[in-house]
Amino acid sequence: MSTRKRAAIVGGGHNGLVCGFYLARAGMEVHVFERSPVVGGAAVTEEFSPGFRNSMASYTVSLLHERIIADMALKSRYDLTIVERPISNFLPLNASQYLKVGGGLARTQAEVAKFSQKDAQALPRYYEMLDGVANVLRDLALRPPPNLADLSACWELLPGLANRMRQLSGSQRADVLGLFTKSATTLLNEWFESEPIKAAFGFDSIVGHYASPDHPGSAYVLLHHCFGGVNGKPGIWGHAIGGMGAITQAMARACTDAGVTLHTSAPVKSVNTDFKGDAESITTEDGRTFDADIVVSNTHPKILFEKLVAPTALSEDFRNRMRHYRSESATLRMNVALAELPRFTCLPEPGEHHASGIIMAPSLAYMDAAHATAKQQGYSQAPIVEILIPSTVDNSLAPKGAHVASLFCQHFAFQPANGQSWDDLRETVADYVIDTVNGFAPNFKASVLGRITLTPLDLERKFGLIGGDIFHGHMTLDQLWSARPVLGYGSYRSPIKQLYMCGSGTHPGGGVSGQPGFNAAREILRDQSLSARLKMAFS
């Protein structure tokens with residue numbers, strides 16, 4: 001019989017794979033249980049129309065940490081290729097005007113200068129401010145947050161944070177505070193006067209965040225999307241050749257080679273505790289029980305604590321706090337098969353803009369109106385739409401001459417108004433999205449050969465994203481850092497001994513970063529008295 005400690009990981013999304021890899025590399029016997037026929041969670045590639053494949057939910061690369069890519073040898077051994085966008089974003093504004101962002105500071109300044117010389121001159125200082133704050137938070141992203149409910153642990157970790165903050169100037173500390181508390185509108189109005197550049201930056205503040213850019217705290221969501229980079233270049237976005245599933249399939253191969261056992265089509269029914277109240281096993285829906293020294297959940301916190309763990313294993317206070325954990329991002333995802341590229345009225349010919357993030361939301365006021373309408377009726381007939389056309393750089397996704405497009409759309413409430421059902425509204429709302437794009441590119445609607453629409457309810461059903469929340473919970477100050485998912489349990493440990501969390505509902509939050517899985521594995525090894533192996537796993 002093996003004397004190695006055994007870990008059962010619930011959920012084979014990217015964070016579960018990352019966590020499993022590091023635990024196995026430290027010598028643990030690791031088993032990952034995934035309910036779907038393939039691992040990857042929301043980062044998977046599927047055929048959605050005959051001959052057309054695309055990323056089904058998550059759809060673009062930036063936050064995936066370079067340390068994890070290197071440790072898992074995703075590029076060097078498992079052939080993961082990530083190509084950079086030629087420019088970051090393209091915003092069609094009306095029939096004749098547009099804004100391009102990216103491709104270097106000088107190019108972006110020239111674009112912004114079309115609307116405001118003053119804003120063009122302010123751009124370097126704005127980027128410097130964002131980079132300064134992002135660098136602080138990047139450092140914190142690969143560190144466990146202190147347990148603010150445990151003063152002894154808190155005092156051990158806070159000095160490091162204090163030292164990091166001490167390195168900042170007074171104005172930089174004010175920037176940190178401002179980005180956590182201000183609205184995106186307030187922040188951007190302080191820096192810029194022209195609507196197009198405010199719209200370009202303000203879009204990031206509402207991605208996966210069911211709020212207006214006017215809402216306090218939305219500036220942080222803007223910042224969260226600045227943490228990453230591609231191929232060692234910070235702030236860049238890219239595309240994984242083969243779609244997002246190429247990332248998780250490379251991770252799966254790395255895990256298998258490290259000794260991890262992957263169980264697919266194996267949904268977990270319960271996490272079980274022993275007579276002391278410690279986690280001791282999991283039971284799958286087909287009735288099999290798997291004993292484990294530790295259990296690690298990569299599922300949404302609400303699934304773990306409201307469905308998998310018996311209520312008697314948790315205090316009433318904790319159950320009450322989990323009931324109030326907010327989870328709704330009001331997003332809708334479409335994949336569309338296209339006979340040809342969209343021809344935008346303002347820039348109709350094929351070009352670099354087709355390989356960028358194409359944002360149809362020409363002003364902060366437009367975004368605010370979409371949110372207000374969604375609050376009233378559950379959706380907007382003029383939604384915020386971002387299009388990516390990955391087939392412009394990846395010919396493996398569509399037949400020759402044709403294309404696939406990812407449409408990421410805001411705002412669509414999890415519960416539509418007046419008792420309506422998403423099952424009844426799905427195609428009607430999808431038509432509103434297509435019509436919105438068609439308003440900027442009049443050939444778009446006629447070029448659609450096939451489509452699949454995932455409403456917020458579909459995202460919950462298919463991927464376990466409670467409330468359709470792509471981040472596993474609101475990314476607001478009360479649900480971040482030491483308070484993610486709830487205060488006292490922000491360091492990947494749960495109220496149940498030997499039960500850990502490693503998903504996007506933990507620090508540093510959502511997106512395909514792998515950082516929650518990385519951090520959780522390190523804390524697990526510390527707790528399991530495997531410090532010597534910790535160095536080996538994270539060398």
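A: Helix α1 spans residues 14–25 and helix α17 spans residues 515–527; their axes come within 7 Å and cross at roughly 35°. The crossing of these two helices, α1 and α17, is right-handed. On the α1 side, the contact is made by Asn15, Val18, Cys19, Tyr22 and Leu23. Facing them from α17 are Gln515, Pro516, Gly517, Phe518, Ala520, Ala521, Ile524 and Leu525. Sorted by class, the residues of this contact between α1 and α17 comprise 10 nonpolar, three polar and no charged. Please keep in mind that this is a predicted model.

Thr256 and Pro516 are 260 residues apart in sequence, while their C-alpha atoms are 20 Å apart in space. Thr256 itself is found in helix α10, residues 245–258. With a relative accessible area of 45%, Thr256 is partly exposed.

Pro508 sits in the loop between β21 (499–501) and α17, and the peptide bond joining His507 and Pro508 is cis, with omega about 5°. A further cis peptide bond runs from Gln410 to His411, with omega near -5°. His411 belongs to strand β19, residues 403–412.

Tyr492 lies in the loop between α16 (456–463) and β21, and its phi is near 75°, a positive value in a residue other than glycine. Tyr492 has 0% relative accessibility, so it counts as buried. Ser265 likewise has a positive phi, about 50°, although it is not a glycine. Ser265 is placed in the loop between β11 (261–263) and β12 (268–273).

Asp278 lies between β12 and β13 (279–284), in the loop. Its relative accessible area is 13%, so Asp278 is buried. Leaving out residues up to four places away in sequence, Asp278 touches Asn272, Thr273, Ile496, Lys497 and Gln498. Asp278 can also be placed against Asp293: the two are 15 residues apart in sequence and 9.5 Å apart in space, C-alpha to C-alpha.

Now for a second helix pair, to set beside the one we began with. Two packed helices are described by the angle between their axes and the distance between the axes. For helix α11 (residues 301–308) and helix α12 (residues 316–323), the packing angle is about 135° and the axes are 10 Å apart. That angle makes α11 oblique to α12. Here α11 passes α12 in a left-handed crossing, whereas the crossing of α1 and α17 is right-handed. In α11, the residues that take part are Pro301, Lys302, Phe305 and Glu306, and they meet Phe318, Met322 and Arg323 in α12. By class, the contact of α11 with α12 has four nonpolar, no polar and three charged residues; the contact of α1 with α17, as we saw, has no charged residues.

Arg323 has its place in helix α12 and is partly exposed, with a relative accessible area of 44%. Not counting residues up to four places away in sequence, Arg323 touches Lys302, Glu306 and Glu316. Of these, Lys302 and Glu306 are in α11. Seen from Ala365, Arg323 is 42 residues away in sequence and 33 Å away in space, C-alpha to C-alpha.

To finish, let us visit a loop between two other helices. Ser116 lies between α3 (105–113) and α4 (117–141), in the loop. At 3% relative accessibility, Ser116 counts as buried. A polar atom of the Ser116 side chain lies 3.4 Å from the backbone nitrogen of Lys118. Setting aside neighbours within four places in sequence, Ser116 is in contact with Glu193 and Ser194.

Terms used
Residues are numbered from 1 along each chain as its sequence is written. This is a predicted model: local features need pLDDT of at least 70, side-chain atom pairs count only at pLDDT 80 or more; totals for chains, interfaces and linings use all residues. Side-chain values use heavy atoms; hydrogens and water are left out. Axes are lines fitted to C-alpha atoms, for helices over the stretch in contact, and angles run from 0 to 180 degrees between N-to-C directions. Helices (H or I, at least four residues) and strands (E, at least two) are DSSP runs, numbered from the N terminus. Angles under 35 degrees count as roughly parallel, over 145 as roughly antiparallel, 65 to 115 as roughly perpendicular and the rest as oblique. A crossing is left-handed if the near helix is turned anticlockwise from the far one by less than a right angle, and right-handed if clockwise. Contact means heavy atoms within 4.5 Å. Ala, Val, Leu, Ile, Met, Phe, Trp, Tyr, Cys and Pro count as nonpolar, Asp, Glu, Lys and Arg as charged, and the others, Gly among them, as polar. Buried means under 20% relative accessible area, exposed over 50%, partly exposed in between (1.4 Å probe, protein chains only). A polar contact is a pair of N or O atoms within 3.5 Å; within protein, one must be able to donate a hydrogen and the other to accept it, and residues adjacent in sequence count only if both atoms are side-chain atoms.
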